[in-house]
Amino acid sequence: MSKVCLISDYFSDQILGGGELNDDELLQILNQKGFQLGKVQSQFVTVEFLKEKKDNFYIVSNFCNLSQECKNYLADELQYLIYEHDHKYLLTRNPADYNNFIASKSSLLNYNFYKNAKAVICQSNFHKGIAESNLGLDNISSVGGNLWSKRVLEKLRDLSKNEKADKYSVLNSNISHKNTSRTVAYCEHKGYEYDLVSDSSYFSFLEKLGANKTFVFFPQTPETLSRVVVEARMMGMSVVANNLIGATQEPWFSLKGEELIDYMTEKREEVGKLVEGIIRSSEKSKEETEYSISILSTFYKGEEFLEGFLEDITSQTIFDKCELIFVDADSPGKEKEIVEKYMEKYDNIVYHRLDYRALPTEGINIGIQMASAKYLTFGFIDDRRRNDCLEILLDDIEKSDVGLVYGEVLLTDNPNETYNNNTSDGKVFDHSTHPFSRENMIKCLPGPMPLWKREIHDACGFFDNEECNFADDWDMWLRAVSAGYSFNKVEDTVGLYLSGGRSQQERNLDQRKEEARIFYKYAHLFGSNFQKYKPYFDQFIASN
């Protein structure tokens with residue numbers, strides 16, 4: 001691919017930020033390597049634009065303003081890499097908000113967008129470690145540095161030779177996470193003489209920053225590298241900082257002055273070769289084998305139901321358009337043997353066995369991470385589907401502008417019955433009988449057999465396996481509705497649900513407390529149903 005297009009929220013002629021300066025220099029390097037270059041702000045990118053320029057390789061930098069629709073199209077159809085700047089895989093974009101920098105799955109965003117990238121380029125090993133801990137992907141690498149133009153590097157070389165005052169430089173920033181106020185307080189507490197440094201001119205800023213012997217910086221958010229810290233070192237300054245700076249944890253950070261400038265000069269060539277290699281190795285098209293639906297199934301001690309489930313699910317009219325993903329939570333029985341027997345007949349069955357007892361929500365989240373299809377559905381092994389269930393749901397979601405579709409399901413108390421031969425006597429699962437509305441989401445309308453767009457998880461996170469033990473699906477769908485997604489109920493009965501699961505324990509006080517917490521968390525959705533159901537949920541809040 002000789003055509004390369006950079007997508008970013010802003011460019012260096014609009015914002016003089018570290019990411020923008022790095023991206024600008026990357027384009028200069030690629031230009032020298034003979035690539036035809038273009039760039040576009042993310043808010044102006046449309047699917048139509050991407051289709052017209054389908055022969056481009058895309059470098060995606062900051063993408064807060066890139067629409068979900070465009071991210072989906074890039075992930076499904078095009079070749080791209082992500083030049084990662086500031087943790088856009090996290091809800092808050094601040095790993096410090098989470099214990100050990102690892103977010104809950106419900107706070108993990110844009111997973112599929114990162115997963116389908118040819119590469120995710122991080123700027124330090126510190127940055128890479130945080131990204132890998134959260135995403136668990138194998139396409140993440142660290143360049144261990146940043147890019148400066150030769151002109152800027154020569155300016156830094158000149159400034160490194162200047163006499164410096166015995167004072168401290170403090171970044172004067174109105175960005176809250178740069179934490180200027182705390183840094184100033186630190187200097188005043190220590191009795192240090194300091195200068196607040198800022199300037200709209202880049203070279204003037206560097207001159208002011210490098211006029212003193214020491215730079216003090218205490219950011220609140222983990223800095224992927226911290227360009228300004230490296231600039232201070234290149235000018236021969238000492239650095240006082242906290243443990244949230246990627247650069248300070250690199251082996252080359254012991255260098256300063258001209259030695260570090262020489263190192264970053266070599267880094268330009270190294271990063272250029274890396275990106276060039278990724279672009280030139282990219283294939284022009286995706287693999288031809290594509291599935292419409294990923295069926296997510298997880299189990300522990302599922303031997304009683306597994307054979308019947310496999311007979312049932314492989315009989316779906318469009319099973320050949322599906323991938324069936326099993327996550328076995330270390331079952332002690334013959335589950336693996338049963339699955340492997342069917343894997344000999346069907347090459348669209350994937351089996352992944354864990355070496356520990358994972359709860360169902362975690363198993364489903366693992367399945368989502370493994371999934372390749374545009375649409376997802378549950379594959380609970382004790383439930384049974386009408387043989388055209390998936391065909392009905394797929395047809396409906398593809399012709400309607402919604403994020404999820406669901407239908408009514410029959411209700412039985414007897415295990416291993418089938419949809420065509422059961423004792424439900426027409427009894428149905430109540431929640432799924434109601435049409436979709438925000439107010440009606442006072443009940444978990446999708447029930448046990450919804451079909452939903454995988455993009456919901458990129459936009460809203462995964463199922464919450466930390467705060468939810470019973471109502472993780474209700475929480476997930478409320479999160480999606482709160483984010484603007486609509487659902488649709490098909491006018492068909494699509495399956496058979498075995499009652500008595502973990503969410504159907506009427507006398508479980510822990511479950512009711514969890515549901516009460518969710519009720520108040522999403523109170524803004526329920527309209528008049530909030531007051532109607534408030535007394536019911538309040539009784540469990542009061543029981544704490």
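Predicted model: local features only at pLDDT ≥ 70, side-chain atom pairs only at ≥ 80, totals over all residues.
Residues are numbered from 1 along each chain as its sequence is written, and side-chain values use heavy atoms, with hydrogens and water left out.

**View 1. Strands S11 and S12 pair in the parallel sense.** Strand S11 (residues 293-299) is joined to S12 over seven bridges, where helices (H or I, at least four residues) and strands (E, at least two) are DSSP runs numbered from the N terminus, and two strands pair if DSSP finds at least two bridges between them. Among the buried residues of H13 are Ile364, Ile366 and Ile368.

**View 2. An open sheet of eight strands has mixed pairing.** The strands follow one another in the order S13-S12-S11-S14-S17-S16-S18-S15. Strand S13 (349-353) and strand S15 (384-385) stand at the edges, each with a single partner strand, so one side of each is left without a neighbour in the sheet. Helix H12 lies across S11, S12 and S13, and runs at about 155 degrees to S13.

**View 3. Helices H11 and H12 come within 9 Å of each other, axis to axis.** Two packed helices are described by the angle between their axes and the distance between the axes. The axes of H11 (residues 303-313) and H12 (residues 335-343) cross at roughly 10 degrees. The two helices, H11 and H12, are therefore roughly parallel to each other, a label given to angles under 35 degrees, whereas angles over 145 count as roughly antiparallel, 65 to 115 as roughly perpendicular and the rest as oblique. In contact, which means heavy atoms within 4.5 Å, Glu303, Leu306, Glu307, Leu310 and Glu311 of H11 meet Glu335, Ile338, Val339, Lys341 and Tyr342 of H12. By class, this contact of H11 with H12 has five nonpolar, no polar and five charged residues, where Ala, Val, Leu, Ile, Met, Phe, Trp, Tyr, Cys and Pro count as nonpolar, Asp, Glu, Lys and Arg as charged, and the others, Gly among them, as polar.

**View 4. Aspartate 320 sits in the loop between H11 and strand S12 (322-328).** Aspartate 320 is exposed, with a relative accessible area of 60%. Leaving aside neighbours within four places in sequence, aspartate 320 is in contact with Tyr291 and Asn348.

**View 5. Strand S9 (residues 212-217) has five of its six residues buried, so S9 is largely enclosed by the rest of the structure.** Strand S7 (residues 165-171) and S9 run parallel and are joined by four bridges, and the bridge partner of valine 170 is valine 216 in S9. Strand S9 also pairs in the parallel sense with strand S10 (residues 238-241), over four bridges, and phenylalanine 217 stands opposite alanine 241 in S10. From S9 the chain crosses through helix H9 (residues 227-234) to S10 in a right-handed β-α-β crossover, meaning that, with the strands pointing away from the viewer, the path from the first strand over the helix to the second runs clockwise.

**View 6. An open sheet of six strands has parallel pairing.** The order of the strands is S2-S1-S3-S4-S5-S6, and the edge strands, S2 (36-41) and S6 (140-142), each pair on one side only. From one strand to the next, the twist averages 25 degrees. Within this sheet, strand S1 (residues 3-8) and strand S3 (residues 57-60) pair over four bridges, and leucine 6 has isoleucine 59 in S3 as its bridge partner. Helix H5 (residues 125-135) lies across strand S5 (119-122) and S6, and runs at about 170 degrees to S6.

Conventions:
Axes fitted to C-alpha atoms, helices over the stretch in contact; angles between N-to-C directions. Buried < 20%, exposed > 50% of the residue type's maximum accessible area, 1.4 Å probe, protein only.
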